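Biologist: I am new to reading structures, so please take me through this one slowly.

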Amino acid sequence: MLDQDSSGEDTLEAAVEVFDQSRHRLFGIAYRILGSVAEAEDIVQEAWLRWQQTDRSAVRNPAAFLTTVATRLAINVAESARSRRETYVGPWLPEPVDTEADPTLGAERAEALESATLLLLERLRPDQRAAYVLREAFGYSYDEIAEILEISSVNARQVVSRAKRGVLSERRDPVDPAKHRELLSAFVAAAQNGDLAQLERVLAADVVSLSDGAGIVGNAARRPVVGRTPVAKFVRAFSSWWWDGATTSWMETNGRPSLLVHRNGEPVALLSIAASAAGIEQLMWVMVPDKLVRLRGDESGR
């Protein structure tokens with residue numbers, strides 16, 4: 001219930017309070033659907049504007065109303081983003097988000113948060129992404145998902161099931177965070193030393209290296225590099241450019257340890273990985289300046 005003034009209308013202060021209770025959840029939903037911090041922030045702002053303009057006295061469940069608004073807005077943005085992805089120069093990677101202070105990013109669980117999972121979700125239809133996120137990360141019931149997506153409960157169950165198959169069929173069981181950091185540390189040490197044999201030891205046989213430079217970063221590979229030996233040779237070939245004169249700092253992004261690379265005091269790349277018992281499955285190099293501006297890193301290098 002919203003507080004009301006003497007005229008019977010809810011106050012702006014009460015509206016702000018209600019919205020703030022949902023803000024983190026709305027951002028977490030929008031980010032998982034879109035893989036973009038900037039776009040998720042825009043969704044949250046637009047949801048606030050709609051909440052302001054709504055007859056709030058008629059809203060029985062503000063949290064459900066706001067979730068529905070944010071989800072539908074995110075689906076619309078995702079639909080328009082599909083055409084933009086077709087003209088994107090080189091591989092597209094999700095914009096990293098710092099999860100040090102909020103490991104689940106406003107959700108019940110940290111599902112659909114790792115960059116590798118967001119890449120798999122990107123292959124799904126926007127409504128499938130939304131259904132998967134609402135069910136697997138936020139624990140919404142099929143009836144609630146059906147209402148948000150304006151479909152039947154039976155269809156909601158089917159959409160979630162298809163989305164889960166699309167994600168699970170392409171994903172091996174990830175290692176725990178300690179092993180994840182160990183593999184990333186070993187990779188970075190080998191990369192800095194140009195140690196081809198050690199690089200190959202930590203890489204899975206079918207490893208893929210993806211570099212997101214959006215066509216504006218000259219040293220970003222515009223095509224995926226695939227396979228243990230090709231990736232190891234690729235990393236060694238660019239060893240001096242990557243590491244000479246650079247400093248590194250550890251971060252937790254998207255729920256996993258990652259490494260931020262600085263040059264001249266500015267972040268130039270974030271390196272994250274997906275890893276399984278077979279080794280490093282994916283190397284993800286985010287190099288687009290606009291995707292790095294919100295990242296700081298631990299300058300102590302811990």
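Biologist: How many aromatic pairs turn up in a search of the whole structure?

Modeller: The search finds seven of them, where rings of Phe, Tyr and Trp (its six-membered ring) pair if their centres lie within 6.5 Å, and planes under 30 degrees apart count as stacked, over 60 as edge-to-face and the rest as tilted. One of the pairs is F234 with F238, whose ring centres are 5.2 Å apart and whose planes stand at 55°, so this pair is tilted. Please keep in mind that this is a predicted model, in which local features need pLDDT of at least 70 and side-chain atom pairs count only at pLDDT 80 or more, while totals for chains, interfaces and linings use all residues. Residues are numbered from 1 along each chain as its sequence is written, and side-chain values use heavy atoms, with hydrogens and water left out.

Biologist: Is F234 buried or exposed?

Modeller: F234 counts as buried at 16% relative accessibility, because buried means under 20% relative accessible area, exposed means over 50%, and partly exposed is in between (1.4 Å probe, protein chains only).

Biologist: Changing topic, which residues touch the most other members of the largest nonpolar core?

Modeller: That core has 52 residues, and those touching the most other members are F19, F27, Y31, I33, W51, L121 and I145; a nonpolar core is a set of buried Ala, Val, Leu, Ile, Met, Phe, Trp, Tyr and Cys residues joined through side-chain atoms within 4.5 Å. The elements that each supply at least two of its residues are α1 (12–34), α2 (37–53), α3 (62–86), α4, α5 (126–137), α6 (142–149) and α7 (153–168), and α1 gives the most, with 10 residues. Helices (H or I, at least four residues) and strands (E, at least two) are DSSP runs, numbered from the N terminus.

Biologist: What does F19 touch?

Modeller: Not counting residues up to four places away in sequence, F19 touches L26, V44, A47, W48, W51 and L66, where a contact means heavy atoms within 4.5 Å. There is also a second, separate core of 33 residues, which includes L196, V217, V235 and V261.

Biologist: Now the pockets: what volume does the largest pocket have?

Modeller: Its volume is about 760 Å³. On a 1 Å grid over the protein atoms alone, a cavity is a set of points where a 1.4 Å probe fits but cannot get out, and a pocket is an open set with protein on both sides within 12 Å along at least five of seven lines, while lining residues have an atom within 4 Å of a point. Among the 32 lining residues, A116, L120, E170, A274 and Q282 are the closest to the centre of the pocket. The helix α4 comes up again here, as it gives the most to this lining, with five residues.

Biologist: What about cavities, how many of 30 Å³ or more does the structure hold?

Modeller: It holds three, and the largest cavity has a volume of about 70 Å³, a volume being the space filled by probe spheres set on grid points that are joined across faces, edges and corners. Its lining includes S115, A116, A274 and M284, and the elements that give two or more residues to this lining are α4, β4 (256–263) and β5.

Biologist: Last one, where is E136 found and what is it in contact with?

Modeller: E136 is in helix α5 and is buried, with a relative accessible area of 17%. Leaving aside neighbours within four places in sequence, E136 is in contact with R109, E111, V160 and K164.
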